[in-house]
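Please have the sequence and the 3D view at hand while reading.

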Amino acid sequence: MAEKHKVKIHSLSKISPPSSDSVTASTLPLTYFDTLWLKFPPSERLFFYQITDLTFDLFNSVIIPKLAGSLSLTLLHYLPLAGHIMWPADSAKPAIYYFPDQNDGVSFTVAESDADFSHLTGNNGNREAVEFHHLTPQLSISDDKAEVVAIQITLFPKQGFCISVLTHHAVIDGISKTMFERSWAYFCKQLIQMQQQNLNNSSILLPTELIPCFDRTLIKDPEGLDVVYANHWLAFQFDKRSLKLVSMPVLKAHSSVVRMSFELTHEDIKKLRDKVQGNEVLIRHAKELHLSSYVLTCAYVYVCLVKAMGVEGDATVMLRVGANCRSRLDPPLPVNYFGNCVSGHGTPAKVSDVVDPENGIAFVADKLSDLVKGLKREVIEGSEEKILNLLKYVKEGGGQAPGRLLGVAGSNRFDVYGSDFGWGKPKRVEIILDRVGSIYLVESRNGGGAVEVGVVLEKPQMEAFSSLFVNGLN
C-alpha cells in the first residue's frame, strides 16, 4: 500500500472575471444533454508540469499570480463557469446562474504536496489510484446550489506543479472542458509574453476557435426532454429538489487498485487495422468497416481487459462507444458549442467471442464499427429510455460487475497535451477514474498519431493486462 501523502493548503480563494460594465448577472439554461447528467459525479483532469528547480517563492510569486490572473481573463469569455447550478422552486428545471454582486467565481486552491512527482508521472504499475486524491479539489454542492468548476494548483518542491480541473458533469463535456483549459492556457502564455515585453494585457484576444458558443436554442427539444430528465432525477430523490450528487462506489485508502498508462503507436494501430482487415470471417462477409484509431484502440483494449479480468466465457459484456454529437445533429451545431453534446451507444457481446484467440479483436472492432456507423440522429438524440437506463445504472451502484460494461472516457482527439500555460507542455495528463475496469484515452504526448491508454485495475489484473497488451502487439 502506498504511503499516505501529506498536503498543505496554502490558500483558498475565488477567482472572478475582472470588473467590467459588460459583466452582468446571467442565466444559462440546461438542455437535455445537460440534465441527463445532473447528479453524476464530476469529471477531473490533472496536468503535471515538470520544473526541477521550482521553489515555493517562485511558485507563489510567479506561477500562481500568472495562473490566477489568466483564469480571471478567461472567465470573461466563460462567465457561466464562474456561477452555480440552481433549481428555483418556480422553475421546472435547473439552470446556471451567475451573480457578480454575490462573490461568484471559481474556487481556487493553492496547495503543496510531499509526494514523489516522478512516481506519480511515471509509468509503472505501482501507482495506487488513491495516491492522486490529495491533488483534487472539491466542488461545493448543497441541496440548493452547485459549483460548476473547482481548481487546485499543487506544488511539488524542486519537482514541478500540478493543475487539477474539476468540472460538474451537467455543464461541461470533454470537448468543452478541453476548450476552456486551452483558453486558460492561451491567456496565461500570452500574459507571460506580454509582461515580458511590458505590454498591456488588454490587447490579448482569444482565437476564434476558442470562443465558446452558449446558444441553447440550437438544441431542438420539441418533446421537452430537458424537463422529463429533471423530473426523473426529482423522483429518484423522492421528490426532493436537491442538487447533491448521487453516491457512487469510492476507493478506500487500503485499496490495491492501481493506475497504469500504455501507448499504441501509429505503427501499432496500423498493425491492428491490417489484422482486422485480414480477418477471414470479416472478409467472407465483405463488410465495409469504420476502423478509426478510436475504434481499433477500444477493440484491442477491451479484449485485453476482459481477458485480464477473467470474465467467464458464457457471460455477456456490453461494448460501448461515445461520440461528439455536434456534427451529427440536424442541423449540426458549431464546433465551439459549449455544454454537453455527447452520446453513448452500446451492444451486448458474448465473452467467448471477445476473447477468441484468432477472431476476438476483429469481432469487437466489427461490433464497434457498427455502433459508430449507427450513430444517426434518431440514436443520439434524447429519449426517456436513456434516463431510465442511467438511473438503473446508478441504482445498481455503478452498473454491472467490473469488466461487464466496457467504455472509455476521454478521446485521442482532445489535444490535452497542447495545454501549454507558458512552462511547456505537460509531462503527464491523467483523467481521474477510480472504478476497477475504467479506461481513458488521450492523444500521446509524443504525437505522431499515437494513443495513450490509461487503465485502472487491481494489481494482479494489471500485471495480466500489461502482459496481454505488450505481447499482443508483438
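Strand S1 (7–15) runs antiparallel to strand S6 (residues 106–113), and eight bridges join the two. Helices (H or I, at least four residues) and strands (E, at least two) are DSSP runs, numbered from the N terminus. Two strands pair if DSSP finds at least two bridges between them. This is a predicted model, in which local features need pLDDT of at least 70, side-chain atom pairs count only at pLDDT 80 or more, and totals for chains, interfaces and linings use all residues. Residues are numbered from 1 along each chain as its sequence is written, and side-chain values use heavy atoms, with hydrogens and water left out.

Axes here are lines fitted to C-alpha atoms, for helices over the stretch in contact, and angles run from 0 to 180 degrees between N-to-C directions. Contact means heavy atoms within 4.5 Å.

The sheet itself is open, has six strands in the order S1-S6-S9-S10-S3-S16, and shows mixed pairing. Its edge strands are S1 and S16, each of which pairs on one side only. Neighbouring strands of this sheet are turned by 15° against each other on average, direction ignored.

An open sheet of four strands has the order S2-S5-S4-S8 and antiparallel pairing. Strand S2 (26–29) and strand S8 (145–147) each have a single partner strand, so one side of each is left without a neighbour in the sheet. The twist averages 30° from one strand to the next.

In this sheet, S2 and S5 run antiparallel and are joined by four bridges. Strand S4 (residues 84–86) and strand S5 (residues 95–98) also pair in the antiparallel sense, over three bridges. Tyr97 in S5 has Thr27 opposite it, and His84 stands opposite Tyr97 as well. Ile85 stands opposite Ile96 in S5.

In a regular strand the side chains alternate between the two faces of the sheet. Both faces of S5 are covered: Ala95 and Tyr97 on one side are buried, as are Ile96 and Tyr98 on the other. Buried means under 20% relative accessible area, exposed over 50%, and partly exposed in between (1.4 Å probe, protein chains only).

## Two helices

The expected span of a helix is 1.5 Å times one less than its number of residues.

| Helix | Residues | Number of residues | First to last C-alpha | Expected span |
|---|---|---|---|---|
| H6 | 266–277 | 12 residues | 16 Å | 16 Å |
| H13 | 459–472 | 14 residues | 20 Å | 20 Å |

In H6, the buried residues are Asp268, Ile269, Leu272 and Val276. They cover an arc of only 95° around the axis, which puts them on the same side of H6. The arc is that of the directions from the helix axis to the C-beta atoms. Among the elements that cover these residues are strand S11 (257–264), helix H7 (280–285), helix H8 (293–309), helix H10 (360–373) and strand S18 (451–458).

In H13, the buried residues are Gln461, Met462, Phe465, Ser466 and Phe469. Their arc around the axis is only 135°, which puts them on the same side of H13. Pro460 and Glu463, on the other side of H13, are exposed. The buried residues of H13 pack against S11, H8 and S18.

Leu473 is found in the segment after H13. Leu473 counts as buried, at 14% relative accessibility. Leaving aside neighbours within four places in sequence, Leu473 is in contact with Leu264, Asp268, Lys271, Leu272 and Tyr300.

Asp420 sits in the loop between strand S15 (409–410) and strand S16 (428–431). With a relative accessible area of 18%, Asp420 is buried. A polar atom of its side chain lies 2.8 Å from the backbone nitrogen of Gly422, and the Asp420 side chain reaches the backbone nitrogen of Gly424 at 3.0 Å.

Ser343 lies in strand S13 (residues 342–350) and is buried at 7% relative accessibility. The side chains of Ser343 and Lys386 make a polar contact (2.9 Å). A polar contact is a pair of N or O atoms within 3.5 Å; within protein, one must be able to donate a hydrogen and the other to accept it, and residues adjacent in sequence count only if both atoms are side-chain atoms.
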